[in-house]
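I opened the notebook to go through one chain, item by item. Below is what I looked up, in the order I looked it up.

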Amino acid sequence: MQTTRRRIGIYDLHLRDGGGGDKRCLVMAERLSRRFDVVLIYGEPCDVASVASRANASVDGVETLQLRLPVQAALRWTVGMAPGLLKRAGLEAGLRRLHRALEPTYYGQIKRLDLDLFINNQFFSILPCPAR
């Protein structure tokens, strides 16, 4: 009789920051992937392997999912045009708040993963639990 491995989703909307919360998220993914199928779920574009390397973690064997918003392309274009200008104008923080406010729209994308366990590693998250 073959048993299926449990699916665990680990959520960190701003994974690319490389802070302590990101390291915790990546190390959890690395360790849990030894016994479970792990999906690392994030919002902002980033090179997950590079962020994991800086955190001394390996994400080999970890599935990744970058969440998408209906306005994602416009946000990416805005940030890509002049990231320094956005930071100086204080708009970068505004874009992050927009991501956070629209966080519940991610629910359907995560729910489709059919997770057994959902770990929300995002500070001050308002996302409802999408696990079974």
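Which residue forms a salt bridge with Asp114, and how far apart are the closest N and O atoms? I found Arg132, with the closest N and O atoms 3.0 Å apart. I took a salt bridge as a side-chain nitrogen of Lys or Arg within 4 Å of a carboxyl oxygen of Asp or Glu.

**Ground rules**

I am working on a predicted model, where local features need pLDDT of at least 70, side-chain atom pairs count only at pLDDT 80 or more, and totals for chains, interfaces and linings use all residues. Residues are numbered from 1 along each chain as its sequence is written, and side-chain values use heavy atoms, with hydrogens and water left out.

**Salt bridges**

I stayed with the first pair. Asp114 sits in the loop between helix 6 and strand 4, and Arg132 in the segment after strand 4, so the pair ties together parts that are 18 residues apart in sequence. Next I checked exposure. I used buried for under 20% relative accessible area, exposed for over 50%, and partly exposed for in between (1.4 Å probe, protein chains only). Asp114 counts as partly exposed because its relative accessibility is 40%. Arg132 has a relative accessible area of 61%, so I logged Arg132 as exposed.

I then searched the whole structure and got five salt bridges. One of them joins the side chains of Arg6 and Asp116, at 3.8 Å from N to O. This pair links distant parts of the chain: Arg6 is in the segment before strand 1, Asp116 is in the loop between helix 6 (107-111) and strand 4, and they are 110 residues apart. Asp116 is partly exposed, with 23% relative accessible area. I also noted that Arg6, Asp114, Asp116 and Arg132 are linked in a network of salt bridges.

Another salt bridge joins Arg7 and Glu63, with 3.6 Å between the closest N and O atoms. Arg7 is in strand 1 and Glu63 in strand 3, 56 residues apart, so I filed this pair too as a link between distant parts of the chain. Glu63 counts as partly exposed at 38% relative accessibility.

**Fold**

I counted six helices and four strands. These are DSSP runs numbered from the N terminus: helices are H or I with at least four residues, strands are E with at least two. Along the sequence the pattern reads β-α-β-α-β-α-α-α-α-β.

Strand 1 and strand 2 pair in the parallel sense over five bridges. For pairing, DSSP must find at least two bridges between the strands. I looked up Arg7 again: its bridge partner in strand 2 is Asp37. Strand 2 is mostly covered, with five of its six residues buried.

Over the chain of 132 residues, 36% count as buried. I put the accessible surface at about 7800 Å², with 57% belonging to carbon and sulfur atoms. That area is from the Shrake-Rupley method with a 1.4 Å probe; for residues, only the protein chains shown count as cover.

**Cores**

Which residues touch the most other members of the largest nonpolar core? I listed Ile10, Leu15, Leu26, Leu40, Val48, Val59 and Val62, out of 16 residues in that core. At least two core residues come from each of strand 1 (7-11), helix 1 (20-32), strand 2 (37-42) and helix 2 (48-54). A second, separate core has 12 residues, among them Tyr11, Ile110, Leu113 and Ala131. A nonpolar core here is a set of buried Ala, Val, Leu, Ile, Met, Phe, Trp, Tyr and Cys residues joined through side-chain atoms within 4.5 Å.

Leaving aside neighbours within four places in sequence, Val62 is in contact (heavy atoms within 4.5 Å) with Ala29, Ser33, Val38 and Leu40.

**Asp22**

Asp22 is in helix 1. Asp22 is buried yet has no salt bridge, and the nearest side chain of opposite charge, Arg54, is 6.8 Å away. For charge, Lys and Arg count as positive, Asp and Glu as negative; His and the chain ends are not counted. Beyond four places in sequence, Asp22 touches Asp12, His14, Leu15, Arg16 and Asp17.

**Positive phi**

Most residues other than glycine have a negative phi. I logged Asn56, with phi near 55 degrees, in the loop between helix 2 and strand 3 (63-66). Asn56 is exposed at 67% relative accessible area. I also logged Phe124, with phi near 60 degrees, in the segment after strand 4 (117-120). Phe124 counts as exposed at 63% relative accessibility.
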